[in-house]
Amino acid sequence: MSTRAILRRSGVPALAATYALSELADWLTTVALSVLVYDVTGSAVATTVLFVASKFLPAFVAPAVTARVDALPARRTLAALFAVEAIAFAGMSAAGRSIAALVALAAVAGAAALVARALVRACVAAALPDPEELRAGNGLLNVVFSVAFAVGPAVAGGAVSLAGARSVLAAGAVLLLAMMALARLAPLPALAVSEEERGDGWWTKLKTGLAHLRDEPVVSRALCAQSVLLVGFTMVPPIEVVYARHDLGTTATGFGALMACWGIGAVAGSAFFAHHGRLGTISLAAGASAAVGVSYLGMGLAGSLGVACALSVVGGLGNGMQWIAFVTAVQERVPATMQARAMSLVEGMGAAVPGLGFVLGGALAAAFTARTAYVAAGVGILGVVALGALALRLAAGGVGRAQPAASR
């Protein structure tokens, strides 16, 4: 299905726009608050606490909030969530040097953002119920996300340099108010509601969602594999500059080239997923994961910047496809009434697990070298992919029947 046809579907343009703008708002928060907190405290510990409050803790709150609101009209709920974020941004701008207030408001904004992303994905699934259409819609979201992810840090960094952190947070509040108006006025689809769950509280609904995901073999295995893969994927980002400057011996320009190559690969991977929707999502996620693993392993062994840049393109290509293929695979196997809850758990995992990868990668680089961390991440990722492929083959009952199960 073409992108033009997808954009003609009611509510999809607004959902894509809010998804991209949410990523930009996230970068504004991350950069502005990091600068503001560090300027006030001069402490790496304080910025770490900020990261935990804004990224890690919301991952455990978002699923419960989503279970509470997923039966409400999406337009109203999304508008309210963006309003909460806007108020938090305005509060952070006004809080100034109060670190406690900044951390608390960052946690509120982070939780609201996670729930909003889960609801947007659930709305996309509701607007595009056909599996082929869903893949095309997710492909569109992935492209706009990749673009926002690529330009977000530069926009946020430039804005903070020019206007200051507090002004950027105030501007973020205005952006979120515009997103609130867009969500409230857009013709968003209604999320499916189970008649059996109408009288249930959020705790019962959350337990029901968790039980369903646990009892669906492919989904439960994919979630377990993805959580381990995320640790491997995120071991590298904190030490990329160490790898470039010390292990490769390159300059800041070389480091920038390495990052640019990854970004080019990620955009290409996003485009590939968007235009090859008929490929099996499980197989695609596994292949994309393997590409990242090969990239990390090769970069750990690379002896020159040129080779490392080429491998960085390969890793970016896998990175641009892996997460969206995994998300789509889960959505394809989850009932419409549980889409929001499933996506909140997925988004929460994506926010919480990377912290472990950051710590592990940094610890390996400190104890040995950045190359060691790259090699360890690559070997670990490839090992998970190999074990996952074996598990699928066994679940399918043998070699001859494994391929249909892996390409669903």
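Residues are numbered from 1 along each chain as its sequence is written, and side-chain values use heavy atoms, with hydrogens and water left out. Because the model is predicted, local features need pLDDT of at least 70 and side-chain atom pairs count only at pLDDT 80 or more, while totals for chains, interfaces and linings use all residues.

**Cores**

A nonpolar core is a set of buried Ala, Val, Leu, Ile, Met, Phe, Trp, Tyr and Cys residues joined through side-chain atoms within 4.5 Å. Buried means under 20% relative accessible area, exposed over 50%, and partly exposed in between (1.4 Å probe, protein chains only). The largest nonpolar core has 62 residues, and L78, F89, M92 and L119 have the most contacts inside it. Helices that each supply at least two residues of this core include α2 (12–41), α5 (74–95), α6 (99–127) and α15 (339–352); helices are DSSP runs (H or I, at least four residues), numbered from the N terminus. The largest share, 14 residues, comes from α6. Apart from this core lies another, of 44 residues, with M235, L248, V330 and I381 among them.

Contact means heavy atoms within 4.5 Å. Leaving out residues up to four places away in sequence, M92 touches T29, L33, L36, L102, L105, A106, A109 and L169.

**The pair α2 and α8**

The axes of α2 and α8 come within 9 Å and cross at roughly 165 degrees. Axes are lines fitted to C-alpha atoms, for helices over the stretch in contact, and angles run from 0 to 180 degrees between N-to-C directions. The two helices, α2 and α8, are therefore roughly antiparallel to each other (angles over 145 degrees count as such). Residues making the contact include L21, L28 and L33 of α2 and L169, L175 and M179 of α8. The contact residues divide into 16 nonpolar, 4 polar and 1 charged. Ala, Val, Leu, Ile, Met, Phe, Trp, Tyr, Cys and Pro count as nonpolar, Asp, Glu, Lys and Arg as charged, and the others, Gly among them, as polar.

**Two single residues**

Not counting residues up to four places away in sequence, Q331 touches R121, A125, L134, N138, Q339 and M343. E196 and A127 are 69 residues apart in sequence and 23 Å apart in space, C-alpha to C-alpha.

Conventions
Angles under 35 degrees count as roughly parallel, over 145 as roughly antiparallel, 65 to 115 as roughly perpendicular and the rest as oblique.
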